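Biologist: I'm new to this one. Could you show me how to read its sheet and its charged pairs?

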Amino acid sequence: MSKMAYRCYVLMVLGIVVISSMVASCGANLLQDFDLTWGDNRAKIFNKGQLLSLSLDKVSGSGFQSKKEYLFGRIDMQLKLVSGNSAGTVTAYYLSSQGATHDEIDFEFLGNVSGDPYILHTNVFSQGKGNREQQFYLWFDPTKNFHTYSIIWKPQHIIFLVDNIPIRVFKNAERVGVPFPKKQAMRIYSSLWSADDWATRGGLVKTDWSKAPFTAYYRNFKATEFSSISDEAVQSNEIDANGRRRLRWVQKYFMIYNYCKDLNRFPQALPAEC
């Protein structure tokens with residue numbers, strides 16, 4: 001993270017703490033915050049709990065989940081994605097509840113052949129309904145270094161951030177009949193798996209298993225829970241003027257798909273929240 005991005009991050013976190021009443025939980029040790037849930041020894045926590053890795057081979061992928069559930073808060077995690085030829089792989093990092101009417105807030109990183117950019121896929125599910133995809137290229141190589149991917153989840157909106165730069169805001173549109181995730185607590189999940197039937201160029205490019213195992217790395221998890229949000233805090237907007245400029249910059253130059261502009265997919269009428 002650059003010095004400028006770090007300063008912006010500190011200012012934003014301090015601003016949130018001043019505005020609202022919170023209980024912050026800093027995950028100093030990944031062993032204390034997460035359970036390795038599948039993939040046998042393909043999922044590992046090492047360096048005394050400071051680093052977690054997920055691996056994928058032709059037999060299986062792997063995954064983990066948080067020990068705790070969260071209802072509103074800010075989630076930060078640093079990831080370094082699968083390097084080299086990652087075509088056909090998907091690294092998913094998301095919040096989700098359980099059941100047919102689950103809520104979910106997604107980051108998914110769709111791999112690509114060497115030299116081609118990753119696609120960052122975002123989605124929001126409420127009461128089991130998703131189909132709210134926005135996709136982006138990143139303005140850096142996410143395989144060279146760790147970068148911070150964050151979700152701010154409040155009753156009035158969900159903000160997706162990359163290195164503290166907002167890339168997407170999903171606003172509460174219950175006033176026009178659109179369900180919004182605000183009643184179901186969610187766990188944090190992540191998995192690395194093969195989806196070469198669709199992940200890279202619609203499935204045209206398959207996974208090259210001679211490059212396996214594919215590995216992604218995680219560190220510096222932090223969860224800041226919003227324990228008692230005042231009316232002022234609920235109405236507040238974490239994105240200042242500089243953040244709004246950055247949001248417009250990302251959406252102008254790096255967004256490659258927006259469901260709210262897909263008239264072929266929604267020929268009768270765009271979704272109400274659009």
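Predicted model: local features only at pLDDT ≥ 70, side-chain atom pairs only at ≥ 80, totals over all residues.

Biologist: In what order do the strands of the open sheet run?

Modeller: The general idea is that strands of a sheet pair through backbone hydrogen bonds, either parallel or antiparallel. Here eight strands follow the order β2-β5-β14-β7-β8-β9-β10-β16, with antiparallel pairing. At the edges sit β2 (34–38) and β16 (255–258), each pairing on one side only. On average, neighbouring strands are turned by 15° against each other, direction ignored.

Biologist: How many bridges join β5 to β14?

Modeller: Four bridges link β5 (residues 62–66) with the antiparallel β14 (residues 187–194).

Biologist: Now the charges. How many salt bridges does the whole structure have?

Modeller: Side chains of opposite charge can pair when their charged atoms come close. A search here turns up eight salt bridges. Arg42 is in the loop between β2 and β3, Asp57 in the loop between β4 and β5.

Biologist: Is Arg42 buried or exposed?

Modeller: Arg42 counts as buried because its relative accessibility is 15%, under the 20% cut-off. Asp57, at 22%, is partly exposed.

Biologist: Which parts does the pair of Arg132 and Glu273 tie together?

Modeller: Their closest N and O atoms are 3.1 Å apart. Arg132 lies in the loop between β9 and β10 and Glu273 in the segment after β16, so the pair ties together parts 141 residues apart in sequence. Arg132 is buried at 2% relative accessibility, while Glu273 is partly exposed at 21%.

Terms used:
Residues numbered from 1 in each chain as written. Heavy atoms only, no water. Pairing = 2+ DSSP bridges. Helix = DSSP H or I, 4+ residues; strand = E, 2+ residues; numbered from the N terminus. Axes fitted to C-alpha atoms, helices over the stretch in contact; angles between N-to-C directions. Salt bridge = Lys/Arg side-chain N within 4 Å of Asp/Glu carboxyl O. Buried < 20%, exposed > 50% of the residue type's maximum accessible area, 1.4 Å probe, protein only.
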